[in-house]
Amino acid sequence: MAPLSGLGLARNADLDAMKWTPRLPDDAVNTSLTRLTILREMVWLSSLAAGLIIIIYVGLGLLVDAVVDYLPDTVDGALERVVVDAADFGPVAEPTLPRVRRWQRELDDLAAAMPAPAPDGFTLHLIEDADTVNAVALPGGHVLLFTGLIDAAPGVDAVRFVLAHELGHFANRDHLRGLGRRLLLALAASLVLGSDNPVSPLVLAPAELLTLRHSRDQETAADAYAVRLLYRAYGSAEGAEAMMRTLAELDHRGTVDGFLSTHPLSAARAEHLRGLIDRLGAEPDTSEPAAP
Amino acid sequence: MPLETLFQFINLAFIIVPIIIGLVVGSLVERRHYRSIRRRETDTMAQPAVPLGLSALSGVTIERAHLVTGSTVVAMDAFKAVLAGLRFLFGGRVGGYESLIDRARREATLRMKVAAGDADAILNVRLETFAIGGRFGGSGALTSVEAVAYGTAVWVGSGPKR
Amino acid sequence: MLLSNLETVPGRTVVEFFGLVSGSTVRAKHAGRDIMAGIKNIFGGELIAYTELLKDSRDEAIDRMIRQAQGMGANAIVNIRFSTSSVAQGAAEIYVYGTAVRVQ
């Protein structure tokens with residue numbers, strides 16, 4: 001700002017007499033960011049943050065994977081109280097009781113064939129929902145089976161594969177793994193960033209995508225476990241491929257969807273299962289299937 | 001699940017779209033505000049507003065004086081909020097906040113001058129700022145800032161005292 | 001540059017007034033320092049990292065104010081005031097302002 005003479009600028013002649021020379025200060029002094037530097041700072045800081053997130057995420061993943069196999073059953077029990085008790089399934093309605101008993105028996109048969117049987121057994125909950133083709137494994141050995149899946153399944157073999165798949169999740173302790181990762185990540189984010197930092201959602205959303213990718217690996221592992229378990233229990237796993245072909249027909253998803261989905265694409269899964277069935281079928285001596 | 005995929009996309013959009021809008025619109029708004037501030041500062045330059053007390057006007061008769069205030073609340077844009085959030089992670093100068101507070105203070109001072117009308121000067125000027133939290137809960141991230149400027153507007157007499 | 005928080009610089013006569021000058025800066029400490037401070041809060045005592053952070057900020061704010069005054073042709077700043085406002089958790093704003101004058 002070029003120095004300006006105060007003469008004639010002051011409103012009152014007395015102020016001129018009073019040695020006033022009003023001048024404007026250089027206003028660029030108190031702001032350090034320009035339009036260019038603000039963008040550069042954003043790019044620089046966010047790539048630094050992205051690197052940090054990846055390091056923390058990988059580190060947490062290794063930590064959870066290392067710890068999850070040694071977690072005592074009390075952790076499972078505590079999670080059961082949180083998740084299952086909150087859902088409050090209530091008493092089973094009289095008309096559906098025979099169906100529940102029937103699928104519970106199938107589940108027990110499969111559980112008996114598991115290489116490392118769970119002492120507390122597994123509980124089946126039949127959810128009356130004809131539109132949902134799904135099954136869920138919850139902490140404490142609870143398996144939710146939706147009636148929509150039973151209706152859509154091409155046969156008893158196919159439903160057995162689904163049950164075996166959920167048992168695979170329990171055997172791999174996936175229900176603890178997934179919760180553990182998410183919990184630790186949220187904890188780390190709130191510890192480092194503070195509870196209401198606007199950056200938190202930016203950090204957690206990409207991490208969520210990574211979690212989804214991780215979950216697809218878990219699904220593939222559970223599939224492999226299920227095929228081995230079916231061979232062990234029934235000597236055949238043909239239901240696995242049949243179920244997957246049906247699911248593939250049910251959802252016509254594009255390939256772009258694959259990366260963002262929790263489950264691998266059903267058609268790809270069916271191919272993978274076919275390969276597994278062929279390989280295990282060629283060597284029928286599956287008396288000791290190794291847990292994945 | 002396709003539904004879950006959709007939610008993920010919506011989730012990301014909800015985070016990223018405000019940041020881009022914040023960058024484009026926010027910098028536009030800031031530039032316009034600064035232009036307006038500079039123009040009005042030049043226009044009102046002849047009316048001094050200083051932290052000094054009466055010593056700034058010794059030797060003149062003061063005919064009239066009364067308290068004048070000016071205040072404003074300026075909000076942060078989403079882009080700068082994220083940038084500041086990253087700064088909290090790595091430390092350093094929070095540039096986004098600097099211009100926000102600078103704008104608020106200067107706007108408050110200009111409003112105080114408007115309140116002073118045709119006063120010859122404003123003396124003993126004090127500036128205060130308050131952080132105002134928003135929907136994020138308030139304690140962690142600044143969303144807007146209030147600046148208050150206050151001082152005593154004086155009208156001097158036509159002749160020297162004495 | 002003569003700095004004073006009196007209305008004048010003692011022993012000198014103010015010959016010209018220019019107007020308000022100010023300097024401000026907002027600094028954040030990094031998350032690691034924050035965690036260390038949390039630990040320190042258990043034992044009590046001086047938070048050296050914070051003391052240094054605020055001192056650096058204050059020095060920078062004064063420096064900025066002086067640059068404004070130099071640009072106006074002043075050789076002293078009188079009636080200087082500091083104000084510290086906590087604009088957000090983990091960041092501190094230092095604001096310093098005064099009146100730029102020329103003294104004999």
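C:Asp63 and C:Arg67 both sit in helix H2 (residues 48–71) of chain C, four residues apart, about one turn of the helix. The model is predicted.

Q: How far apart are the closest N and O atoms of C:Asp63 and C:Arg67?
A: C:Asp63 is partly exposed at a relative accessible area of 39%, and C:Arg67 is partly exposed at 42%. The two residues form a salt bridge, and the distance between their closest N and O atoms is 3.7 Å.

Q: Which residue makes a salt bridge with A:Asp157?
A: A:Asp157 is partly exposed, with 39% relative accessibility. The side chains meet at 3.4 Å, N to O, and the partner is A:Arg160.

Q: How many residues apart in sequence are the parts tied together by B:Glu107 and B:Arg40?
A: B:Glu107 and B:Arg40 form a salt bridge, with the closest N and O atoms 2.8 Å apart. B:Glu107 lies in helix H3 of chain B and B:Arg40 in helix H1 (residues 2–43) of chain B, so the parts that the pair ties together are apart in sequence by 67 residues.

Q: Is B:Glu107 buried or exposed?
A: The cut-off for buried is under 20% relative accessible area. B:Arg40, at 23%, counts as partly exposed. B:Glu107 has a relative accessible area of 5%, so B:Glu107 is buried.

Q: How many salt bridges does the structure hold over all chains?
A: Side chains of opposite charge can pair when their charged atoms come close. In chain A, a network of salt bridges links A:Glu238, A:Glu241, A:Arg245, A:Glu271, A:Arg274 and A:Asp278. Over all chains, the number of salt bridges is 26.

Q: What area is buried between chain B and chain C?
A: In this interface, 28 residues of chain B are in contact with 29 residues of chain C. Carbon and sulfur atoms give 55% of the buried area, which is about 2300 Å².

Q: Which element gives the largest share of the side of chain B that touches chain C?
A: The rule finds 12 residue pairs in polar contact across the interface of chain B and chain C. The elements of chain B that give two or more residues to the side touching chain C are helix H2 (78–90), strand S2 (92–93), helix H3 (95–116) and strand S3 (121–132). The largest share is five residues, and it comes from S3(B).

Q: Which residue of chain B forms a salt bridge with C:Glu93?
A: Across the interface of chain B and chain C the rule finds three salt bridges. In the one that involves C:Glu93, the closest N and O atoms are 2.9 Å apart, and the residue of chain B is B:Arg105.

Q: What is the phi of C:Asn79?
A: Most residues other than glycine have a negative phi. C:Asn79 lies in strand S3 (residues 76–88) of chain C and is buried, with a relative accessible area of 1%. Its phi is positive although the residue is not glycine, with a value near 55°.

Q: Which residue has its backbone oxygen 2.5 Å from a polar atom of the side chain of C:Asn79?
A: Within chain C, the side chain of C:Asn79 makes a polar contact with the side chain of C:Arg81 at 3.1 Å. Not counting residues up to four places away in sequence, C:Asn79 touches residues of both chains, including B:Leu52, B:Gly53, C:Tyr97 and C:Gly98. The backbone oxygen at 2.5 Å belongs to B:Pro51.

Q: Where does A:Arg173 lie?
A: A:Arg173 has a positive phi of about 60° although it is not a glycine. At 14% relative accessibility, A:Arg173 counts as buried. Its place is the loop between helix H6 (156–172) and helix H7 (174–193) of chain A.

Q: How far apart are the end C-alpha atoms of helix H2 of chain A?
A: Among the buried residues of H2(A) are A:Ile38, A:Glu41, A:Leu45 and A:Val68. The helix has 34 residues (35–68), which at 1.5 Å a residue should span 50 Å; this agrees with the distance between the end C-alpha atoms, 48 Å.

Q: What pattern does chain C follow along the sequence?
A: Buried residues make up 49% of the 104 residues in chain C. Chain C has two helices and four strands. Read along the sequence, the pattern is β-β-α-α-β-β.

Key
Residues numbered from 1 in each chain as written. Chains lettered and ligands numbered in written order. Predicted model: local features only at pLDDT ≥ 70, side-chain atom pairs only at ≥ 80, totals over all residues. Heavy atoms only, no water. Expected span 1.5 Å × (residues − 1). Buried < 20%, exposed > 50% of the residue type's maximum accessible area, 1.4 Å probe, protein only. Contact = heavy atoms within 4.5 Å. Buried area = accessible area lost by both parts, 1.4 Å probe. Salt bridge = Lys/Arg side-chain N within 4 Å of Asp/Glu carboxyl O. Polar contact = N/O pair within 3.5 Å; in protein donor to acceptor, adjacent residues only side chain to side chain.
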